[in-house]
Every structure is written in C-alpha cells, then in structure tokens.
Amino acid sequence: MQANELSEQERRQRCEALLDIMRARMTNRAFVADAVVPDEHYEMIIEAARHAPSGANAQPWHYIVIKDAAMKQRLGERFVEEQRARARLKMKFPTPSYEGMKTAPGLILVGVDFRYTRAFPVLNDGSELDRMYQRNAERILLQSVAASVMSAHLAAAALGYAVWWVTAIGQDAIQREFKPLLGVPDDIAIIDVMCFGPPLKASYKRWKRELGEILSWDRFNAANHPSDDELDEWIRKRRHKAMYRDASNVD
Ligand SMILES: Cc1cc2nc3c(=O)[nH]c(=O)nc-3n(C[C@H](O)[C@H](O)[C@H](O)COP(=O)(O)O)c2cc1C
C-alpha cells in the first residue's frame with residue numbers, strides 16, 4: 001500500500017499503531033526464567049531484522065538464536081565477570097546486573113561481518129584519504145546493523161516481550177572466548193546480545209528527551225547544544241537516573 005492510496009486518517013492510524021509499539025519497547029534486565037519462546041516468535045523477530053535497510057544493501061548481519069541453557073548461563077556469567085572488572089577499573093559507569101541474562105527466555109547473538117566495509121565507498125589503498133573513507137565505512141556498517149537490530153527489538157516488543165539490548169560484548173577477550181564455542185568465523189564480530197521475554201517485574205518507561213530538544217527546523221537550534229561542562233554534569237548527576245529510574249523520577 002503506497003502513501004497516496006491512504007487517507008490522512010488511515011496514515012495517522014497506521015503510524016500511531018507503530019508508535020504505540022515503539023513507545024512500549026522498554027528495556028528490562030530480568031525475565032520470567034521458565035517462559036518458553038516459540039520458534040515462530042524467533043522467526044518473526046529475525047524476519048523483521050531481515051528487512052532492515054543497510055549501506056549498499058550489504059546486509060552484513062547474522063543472528064544466532066541461543067536456546068542452550070548452559071550457554072546462556074556461561075554468557076551471563078561472563079557478563080557478570082565483566083561487570084566486576086569494570087567496577088575494579090573505576091570507570092564510574094553505572095553498570096547494571098547481568099544476572100538476568102543467564103535465564104533470559106529469548107537470547108539472540110548478533111554478528112556483523114566487518115569485511116563488508118569493502119562494499120562501501122573506500123579506496124583500499126592504505127592512503128590517508130582511504131583511512132577517512134574507511135572510518136566512514138565503519139560507521140555505515142554499524143548503522144546498518146543497528147537498523148536491523150532495532151527492527152528485531154521492535155518485533156519482540158510487538159510480540160509483548162520486554163527487551164534488553166546488550167553491547168557489552170565488544171571487548172576482544174569476550175570475542176576470543178565465545179566465537180570458537182559457537183563456531184563463529186574470525187571475520188565476524190559478535191556485536192550485540194538481544195535478550196527478551198516476559199518481564200519478571202513490570203518494565204518502566206525511562207526518560208526521553210522532549211521533541212523540541214532533538215528536533216531543529218532548517219537550522220540547528222543552538223539552544224539544544226550543551227556545553228562540555230553541561231554534558232559532564234549530565235553524566236555526573238543525571239545519567240544513572242536516566243538509566244535506572246522511570247521518567248517521572250528524572251528531574
Ligand atoms: C546501542 C545500545 C547499547 C546498549 N548497551 C547496553 C549494555 O551493554 N548493557 C545494558 O544493560 N544495556 C544496554 N543498552 C540498553 C540501554 O541502557 C537502554 O536502552 C537505555 O537505558 C534506555 O532505556 P529504554 O531502552 O527502556 O528506552 C544499550 C542500548 C543500546 C541502544
């Protein structure tokens with residue numbers, strides 16, 4: 001159905017239905033452990049991921065559904081370790097508990113094939129100019145996979161699941177440990193973990209910036225450009241609330 005075949009009312013209804021799902025997508029980090037995700041749900045979620053746009057239509061992603069309870073335990077334990085390591089490093093990042101990953105009813109690993117940066121506009125001659133294009137190519141790749149993962153999360157939200165997007169898997173050490181266990185080729189990086197399921201406790205809606213704060217018309221609205229000091233203050237005073245409190249508790 002093309003837009004010009006829809007009445008204005010139909011357009012708005014369709015968009016509102018989509019927005020309802022988007023607004024209801026909320027991060028939760030603990031799920032009902034014995035809930036079972038039917039295969040059809042996994043397939044619907046990956047079907048959504050499959051239709052995502054990507055630079056050069058390269059579709060540089062791969063999804064691995066992890067059903068094996070022992071593997072979930074092992075992954076979750078590794079993240080708990082990572083959480084402890086970060087605390088020792090004094091990063092001051094309010095790292096969450098990863099215990100909930102161990103029994104997440106739905107768990108999908110997202111792989112991305114960085115070789116596809118070659119499919120984007122690059123020179124591949126090692127020159128300074130090439131490095132500039134290579135950096136852009138990496139951004140294209142990451143945006144592509146994010147578009148696909150987001151589609152998957154929205155499909156899971158549409159199915160009524162609470163979702164959890166985990167990127168804390170990027171470190172080389174975790175990659176080296178898990179890729180051989182899962183038969184993941186060297187070229188592919190496991191970039192995300194997607195957990196989902198019925199929530200153990202109701203999800204809560206986190207603070208979102210107001211429309212006017214993120215939207216400019218024709219020209220960037222300088223009022224929405226925080227100074228470095230303001231930004232650092234946001235990190236110091238508000239970040240933890242934005243991450244772990246519902247919107248009504250963030251001033
Ligand atoms: C790119 C990306 C990376 C994230 N990485 C992590 C992560 O490693 N661990 C985690 O617990 N949550 C992670 N999150 C979840 C965010 O903390 C969460 O989306 C944010 O607090 C906003 O809450 P909401 O999803 O309920 O809107 C990530 C989300 C995104 C989109």
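Here are some questions and answers about a predicted model and its ligand.

Residues are numbered from 1 along each chain as its sequence is written. Local features need pLDDT of at least 70 and side-chain atom pairs count only at pLDDT 80 or more, while totals for chains, interfaces and linings use all residues; side-chain values use heavy atoms, with hydrogens and water left out.

Me: How do the residues of the shell around the ligand divide into nonpolar, polar and charged?
Reply: Ala, Val, Leu, Ile, Met, Phe, Trp, Tyr, Cys and Pro count as nonpolar, Asp, Glu, Lys and Arg as charged, and the others, Gly among them, as polar. Sorted that way, the shell holds seven nonpolar, two polar and four charged residues.

Me: What is the distance from an oxygen atom of the ligand to a polar side-chain atom of Arg-206?
Reply: Let's go through the arginines. The side chain of Arg-25 has an N or O atom 2.8 Å from a ligand oxygen, and so does the side chain of Arg-29, at 2.8 Å. For Arg-206, the distance to a ligand oxygen is 2.8 Å.

Me: Is Leu-200 buried or exposed?
Reply: Buried means under 20% relative accessible area, exposed over 50%, and partly exposed in between (1.4 Å probe, protein chains only). Leu-200 has 57%, so this residue is exposed.

Terms used. A polar contact is a pair of N or O atoms within 3.5 Å; within protein, one must be able to donate a hydrogen and the other to accept it, and residues adjacent in sequence count only if both atoms are side-chain atoms.
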